[in-house]
Amino acid sequence: MKPIKYIQYFIYILLLTSFQSLAQKGTIKGRVFNVANNEPVPFANIIIFGTNTGSTSDFDGNFIFAGIEPGYVRLAVSSVGFEQYVSEEFLVTNQKIFNIDIPIRETQIKLEEVVIKASPFARKEESPVSMRRIGIQEIEKNPGGNRDISKVIQSLPGVASTPSFRNDVIIRGGGASENRFYLDGIEIPNINHFATQGASGGPLGILNVDFLREVEMYAGAFPANRGNALSSIFEFKLLDGNKERRNTRATIGASDLSLTFDGPILPKTTFIGSVRRSYLQFLFSAIGLPFLPTYNDFQFKTKTKFDNKHELTLLGLGAIDQFKLNTNANETEEQRYILGYLPVSEQWNYTIGGNYKIFKNNGSHSFILSRNMLRNFSYKYPGNDENLPRIYDYVSDEIENKLRYENLSLLSNFKLVYGAGGEYVKYNNSTKQQLFTTELKQIDYYSAIEFYKWHAFAQASRPFLGNKLTLSLGVRADANNYSQSMSNMLEQLSPRFSASYSLKENLFLNFNTGRYFQTPSYTTLGFRQNGVLLNKQNQITYIQADHLVGGVEYLPGSTTKISVEGFYKKYDKYPFSVRDSVPLGSKAADFGIFGDEEVLSVSEGRAYGAELYFRETMYKGLNVILSYTFVRSEFKNTDGRYIPSAWDSRHILNFTATKTLPRNWDIGFKFKFSGGAPYTPFDMDKSSSKPAWDILNRGYLDYNQFNAARLKPFHQLDMRVDKQYFFDKWSLMLYFDVQNVYNFKAELPPDLLLDTDGNGSPVIINPSDPPASQKYKLKQLAGETGTVLPTIGIMVEF
């Protein structure tokens with residue numbers, strides 16, 4: 001059946017069912033509590049944000065709304081002696097009661113002081129700049145996102161888009177390895193399937209958006225309790241399981257099937273869990289792609305509230321990624337080229353952790369314990385003949401065991417966060433590989449390392465001048481015993497300072513500066529040659545980045561935000577590739593492994609630019625995110641000159657708009673634009689060498705022309721239509737999404753292929769020379785990608 005027929009049937013079903021009569025309305029139950037001690041706040045006023053519908057909390061802080069129209073809502077809370085608060089968005093349906101706990105903070109405001117009105121754009125003392133958040137409605141209904149959070153975050157300001165089916169997190173000119181991710185305060189090493197080891201990229205997200213209630217992105221001004229990042233911190237905040245009854249959601253998405261369950265499992269414990277299974281392998285086989293990926297993942301969270309002073313959160317996340325070559329798809333030269341060089345790559349990973357929280361009279365203690373592991377396999381047979389010895393064979397494990405303590409103290413208007421933590425790290429790597437530099441080399445080594453990391457942090461924040469000025473000062477120190485060069489915490493002392501001044505109640509001047517450190521990747525730390533840890537011998541050390549950010553923020557209305565920021569990042573001690581004589585941070589990461597080579601901690605770089613951000617939420621059902629970022633990303637070469645990194649997109653434009661219509665319809669579109677990224681041309685002489693080509697089966701880059709070429713700009717328009725049906729016992733959510741509506745063909749770096757004769761055999765230019773001196777005749781194939789990609793999604797909740 002042609003794709004247009006699927007679209008016609010989908011629209012017919014929507015129109016037919018839209019005339020069906022719907023059932024009763026939804027219910028919200030919740031509790032308002034003092035964030036300092038978890039004690040209930042009685043007689044608080046709660047309203048549905050943007051309406052006049054209200055309720056009041058009782059002596060135990062509990063409240064209820066009944067007869068609420070299904071859909072996405074926020075709650076606004078106010079109480080005498082407390083700051084006003086606006087909750088994140090959540091979905092109200094007919095078939096279940098939605099539960100929400102609302103934390104509010106005591107304040108000591110005097111009559112002459114500035115009062116900040118309730119707004120969805122909550123401000124944080126530690127991070128008055130470069131912190132953005134998106135709610136669940138924007139995640140669920142993001143055009144082109146297909147409920148993949150790794151794609152959705154590419155709508156955020158300063159996040160560059162890549163046209164090569166990867167979810168690299170590239171923020172304000174920083175590399176894909178410079179980001180950290182947290183689920184309810186528990187760190188996870190990666191958020192993508194088929195992840196690039198040593199970086200953060202991958203084609204598909206692991207996180208199931210059924211769990212998410214809100215996402216916060218810090219592109220700077222990192223809180224002191226979050227470390228080991230240079231470009232961004234992501235905080236993924238999760239839903240709790242339903243307290244009233246058990247619920248199920250079944251989803252058919254763009255590439256997978258999923259089941260999510262939630263509800264009470266014990267009188268004081270709730271649970272939410274999911275499993276997903278992809279069907280990409282069937283789609284890829286049907287359209288003749290030469291590789292067949294399959295992914296599976298699971299996720300769970302439990303929340304136990306022993307009493308008002310003690311609670312425990314447990315969560316887990318895992319993935320199994322399988323991959324095989326489709327050797328039957330070998331009819332075109334492009335298919336044969338991919339089959340020739342592409343290795344089989346498989347991996348599995350998991351994270352499991354817990355957060356035990358104890359509330360005190362003026363704050364809380366948090367004890368966070370977690371463990372994560374990645375196992376990565378990759379191998380290649382010559383000519384994909386499994387009867388021959390492998391020319392590439394790689395197996396690696398990364399294991400981290402983490403313990404962190406955090407203390408939060410709220411004393412009048414003074415906020416203090418401090419704590420410490422440690423990690424036990426194990427990494428091993430078995431590599432057998434043939435490489436060609438100036439001659440053929442056999443690489444065969446096993447590496448195993450174990451070491452400890454430790455850190456301590458503190459941050460104090462307080463308003464001054466009648467609440468007009470808010471200052472925050474933090475410090476962090478990190479160290480490890482991998483080597484003497486990284487064992488002194490004072491050498492990784494990381495101060496940070498933020499200031500926000502209120503010119504008017506809706507106009508702010510904001511500033512932050514800080515120094516941040518990140519451990520080099522384990523693939524780099526564990527690299528061996530002749531049994532020696534070369535990079536340890538080279539005294540590799542922490543990577544350093546100094547940030548300077550300043551801007552203006554204007555809130556013209558309760559649902560509108562406009563900001564302008566300038567930023568500057570200065571990199572130091574970045575790993576420098578000895579083999580290629582270029583900074584490692586300026587190289588693009590591909591699928592597989594990144595950083596497993598000899599390096600020196602000598603590279604310097606910078607990323608700087610400016611960012612305009614416009615945000616509108618809930619204006620007559622309209623949600624808008626518009627941002628433009630000008631960014632330059634450069635590293636010094638061996639001559640001391642700045643050259644562009646692989647992330648030097650220069651211009652990043654993201655524009656997302658969604659509109660809620662009557663009868664539970666939604667429409668939206670997303671336009672994204674990124675300036676052309678630099679790339680490195682091929683070394684034609686080396687690539688044509690028969691011994692060199694037979695090892696790699698693809699071209700070699702000419703690092704004497706590093707990033708000397710540049711791609712054309714990339715742009716894409718995505719559109720989406722949603723329809724929701726809220727029945728008495730169940731709900732049905734449907735969406736129709738089209739990526740790349742106008743079929744833009746994005747330019748990719750060219751591929752280098754063997755030229756063949758009429759029999760399909762490679763042409764050798766000098767067949768009479770000795771085999772070691774023979775050269776292939778090569779040809780370049782222009783690289784491009786992009787096609788119209790329609791998708792239908794179905795979600796049933798009961």
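1. Let's start with leucine 91. Leaving aside residues up to four places away in sequence, leucine 91 touches Gly71, Tyr72, Phe98, Arg249, Gln724 and Phe726, where a contact means heavy atoms within 4.5 Å. You'll find leucine 91 in strand β8, residues 90-92. Helices (H or I, at least four residues) and strands (E, at least two) are DSSP runs, numbered from the N terminus. Leucine 91 has 12% relative accessibility, so it counts as buried; buried means under 20% relative accessible area, exposed over 50% and partly exposed in between, with a 1.4 Å probe and protein chains only. From leucine 91 to leucine 507 it is 416 residues in sequence and 31 Å in space, C-alpha to C-alpha.

2. A word on what you're looking at. This is a predicted model, in which local features need pLDDT of at least 70 and side-chain atom pairs count only at pLDDT 80 or more, while totals for chains, interfaces and linings use all residues. Residues are numbered from 1 along each chain as its sequence is written, and side-chain values use heavy atoms, with hydrogens and water left out.

3. Now the whole chain. It has nine helices and 46 strands. Its radius of gyration is 27 Å, close to the 28 Å that the globule rule gives for 798 residues, so the chain is as compact as a globular protein of that length. (That radius is taken over C-alpha atoms, and the rule is 2.2 Å times the number of residues to the power 0.38.) Along its principal axes, the C-alpha trace spans about 95 × 65 × 45 Å. Of the 798 residues, 56% count as buried. Look at contacts between residues at least 6 apart in sequence, and 67% of them join residues at least 24 apart.

4. Five strands make an open sheet with mixed pairing, in the order β10-β15-β16-β11-β12; two strands pair if DSSP finds at least two bridges between them. β10 (131-135) and β12 (186-188) are at the edges with a single partner strand each, so one side of each has no neighbour in the sheet. How are β10 and β15 joined? Five bridges link β10 to β15 (residues 212-218), and the two run antiparallel. Arginine 132, for instance, has methionine 217 as its bridge partner in β15. As a general point, strands of a sheet pair through backbone hydrogen bonds, either parallel or antiparallel.

5. On to the aromatic rings. The whole structure holds 25 aromatic pairs: rings of Phe, Tyr and Trp (its six-membered ring) pair if their centres lie within 6.5 Å, and planes under 30 degrees apart count as stacked, over 60 as edge-to-face and the rest as tilted. The rings of phenylalanine 90 and phenylalanine 98 have centres 4.3 Å apart and planes at 10°, so this pair is stacked. Phenylalanine 90 and phenylalanine 98 are both buried.

6. Phenylalanine 181 and phenylalanine 234 make another stacked pair, because their ring centres are 5.8 Å apart and their planes are at 25°. Phenylalanine 181 sits in β11 (residues 179-183) and phenylalanine 234 in β16 (residues 232-238), so the pair ties together parts 53 residues apart in sequence. Both of these residues, phenylalanine 181 and phenylalanine 234, are buried. Phe181, Phe234 and Phe236 form one aromatic cluster.

7. Last, a loop. Is glycine 383 buried or exposed? Glycine 383 has 72% relative accessibility, so it counts as exposed. Glycine 383 is in the loop between β23 (363-380) and β24 (392-411). C-alpha to C-alpha, glycine 383 and leucine 411 are 68 Å apart in space and 28 residues apart in sequence.
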